[in-house]
Amino acid sequence: MRRIYADYNATTPLDTQAFEAMLPYLREHFGNASSVHVFGRETRAAIDDARVRLAKLLGAQEGEIVFTGGGTEADNTAIFGVVRALRKKGRHIVASSIEHHAVLHACQYLEKSGDCEITWLPVNRDCLVNPDDLRKAIRKDTILVSVMSANNETGTIQPVKELAAICRERGVTFHTDAVQSFGKQAVNVGDWGVDLLSVAAHKFYGPKGVGALYIRRGTKVDPLLFGGSHENDRRAGTENVAAIVGMAKAAELTTAKMEEEQRRLFGLTEKLGDRIAGSIRGAHRNGHATRRIGNTINFSFEGCEEEGLLLGLDLEGVAVSSGSACAVGSLEPSHVLKAMGLPHELARAAVRFSFGTGSTAEDAEHIVEAVARVVERLRAFSGKS
């Protein structure tokens with residue numbers, strides 16, 4: 001049976017060139033980068049080189065890049081780090097209601113523990129934050145605003161530059177989770193005006209378990225981990241040299257072909273969307289039609305349920321998800337789709353299709369046919385055909 005992977009927002013395959021760049025640091029160059037001998041100096045040089053290369057791609061200075069154990073750690077460091085550093089200034093955070101769980105759950109924890117008060121920014125039916133809502137939400141005791149640059153479920157791109165400018169005018173630290181953006185849209189921290197920005201390597205064909213947090217020079221962020229002076233005292237722990245090298249290589253490879261590849265993927269997802277809308281009754285597209293990362297499209301199907309859709313498509317050889325891969329096993333409808341105002345029955349009947357380097361026009365056609373068969377079976381079973 002033909003197998004099609006259409007879940008690139010969950011993770012991407014490791015690029016062959018990135019893997020090859022990692023190999024020397026998995027075998028012969030094994031030294032601890034904190035050691036002063038030649039073995040340590042070899043790996044320290046590799047980390048420093050990777051930091052310079054990633055910083056260049058982000059429009060940052062090398063000293064503003066902190067390597068982390070992934071996107072979740074980068075997001076958590078941004079949230080908890082600012083709260084700890086600015087606890088004497090205030091306890092108010094503003095975050096969008098569609099954030100990835102790495103931000104959402106961190107803020108909810110702070111809210112539940114009584115450490116902070118959270119204002120949740122709403123979104124419209126297109127999954128967009130209104131900058132005017134942010135202007136109204138910021139208070140004298142606001143210490144942090146966090147709004148993702150592109151939503152992982154719908155692909156909708158947020159007006160980050162405008163939101164960051166509002167925060168800069170009010171003297172509030174601004175963080176954006178760019179885990180789904182980097183490698184799919186142009187990301188430049190100087191142009192955007194953000195203070196903190198998170199990325200994760202496995203979203204752009206790098207290895208899992210490594211990410212980075214951009215911290216603008218002068219931004220106050222306390223560390224989460226203690227135990228050494230690694231990353232200039234900002235993230236303790238022996239660095240994963242091979243993964244860091246692989247991330248820098250994957251970042252360069254992905255951004256070099258990003259513009260052309262995103263045009264191709266936008267065309268594929270548009271073709272998929274048009275075919276689904278034209279051939280399957282009761283299919284509803286979720287998210288902004290054009291203001292989105294090119295590889296992502298989201299649909300809800302009347303008379304169906306999420307679990308049945310995912311399992312049915314898997315049996316058809318099509319791998320997709322309902323949203324965040326970090327929420328697998330949850331029986332609750334997507335918090336993103338609920339925030340967009342979708343009715344419960346549509347929020348719990350959604351599928352995210354996310355394409356990548358291996359996706360083809362033939363894949364899109366096959367997916368449409370598979371979706372039609374699965375939806376028809378589910379509706380017949382539920383008596384809603």
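I looked up Asp49 and found it partly exposed, because its relative accessibility is 39% and the class runs between buried (under 20% relative accessible area) and exposed (over 50%), taken with a 1.4 Å probe on protein chains only. The model is predicted, so I note that local features need pLDDT of at least 70 and side-chain atom pairs count only at pLDDT 80 or more, while totals for chains, interfaces and linings use all residues. Residues are numbered from 1 along each chain as its sequence is written, and side-chain values use heavy atoms, with hydrogens and water left out.

**Salt bridges**

I searched the whole structure and got 23 salt bridges, each being a side-chain nitrogen of Lys or Arg within 4 Å of a carboxyl oxygen of Asp or Glu. Side chains of opposite charge can pair when their charged atoms come close. Asp49 has such a bridge to Arg53, at 2.9 Å from N to O. Asp49 and Arg53 are four residues apart in helix 2, so about one helical turn separates them. I take helices (H or I, at least four residues) and strands (E, at least two) as DSSP runs, numbered from the N terminus.

Which residues are linked with Arg44 in a network of salt bridges? I found Asp48 and Glu239 there. The Asp48 bridge to Arg44 is 4.0 Å, N to O, and both residues lie in helix 2 (residues 38–58). The closest N and O atoms of Arg44 and Glu239 are 3.1 Å apart. Glu239 sits in the loop between helix 8 (230–233) and helix 9 (241–256), so its pair with Arg44 ties together parts that are 195 residues apart in sequence. I noted Arg44 as partly exposed at 23% and Glu239 as buried at 9%.

**Asp177**

I placed Asp177 in strand 6 (residues 173–177). Asp177 is buried and has no salt bridge; Lys203, the nearest side chain of opposite charge, is 8.8 Å away. For charge, Lys and Arg count as positive and Asp and Glu as negative, with His and the chain ends not counted. What does the side chain of Asp177 reach at 2.9 Å? I found the backbone nitrogen of Val179.

**Thr156**

Thr156 is in the loop between strand 5 (142–146) and helix 6 (160–170). I found Thr156 buried, with a relative accessible area of 0%. Beyond four places in sequence, Thr156 touches residues including Asp126, Cys127 and Arg291; contact means heavy atoms within 4.5 Å.

**Aromatic rings**

I counted six aromatic pairs in the whole structure. Rings of Phe, Tyr and Trp (its six-membered ring) pair if their centres lie within 6.5 Å, and planes under 30 degrees apart count as stacked, over 60 as edge-to-face and the rest as tilted. Phe80 and Tyr109 have ring centres 6.0 Å apart and planes at 65 degrees, so I logged the pair as edge-to-face. Phe80 is in helix 3 (residues 71–85) and Tyr109 in helix 4 (residues 101–113), so the pair ties together parts 29 residues apart in sequence. I also noted one aromatic cluster of Tyr5, Tyr8 and Tyr205.

**Cysteines**

I found zero disulfides, a disulfide being a pair of cysteine sulfur atoms within 2.5 Å. For Cys116, the nearest cysteine sulfur is that of Cys107, 8.1 Å away. For Cys127, the nearest is again that of Cys107, at 17 Å. Cys116 is buried at 5%, and Cys127 is buried at 0%.

Definitions and conventions: Polar contact = N/O pair within 3.5 Å; in protein donor to acceptor, adjacent residues only side chain to side chain.
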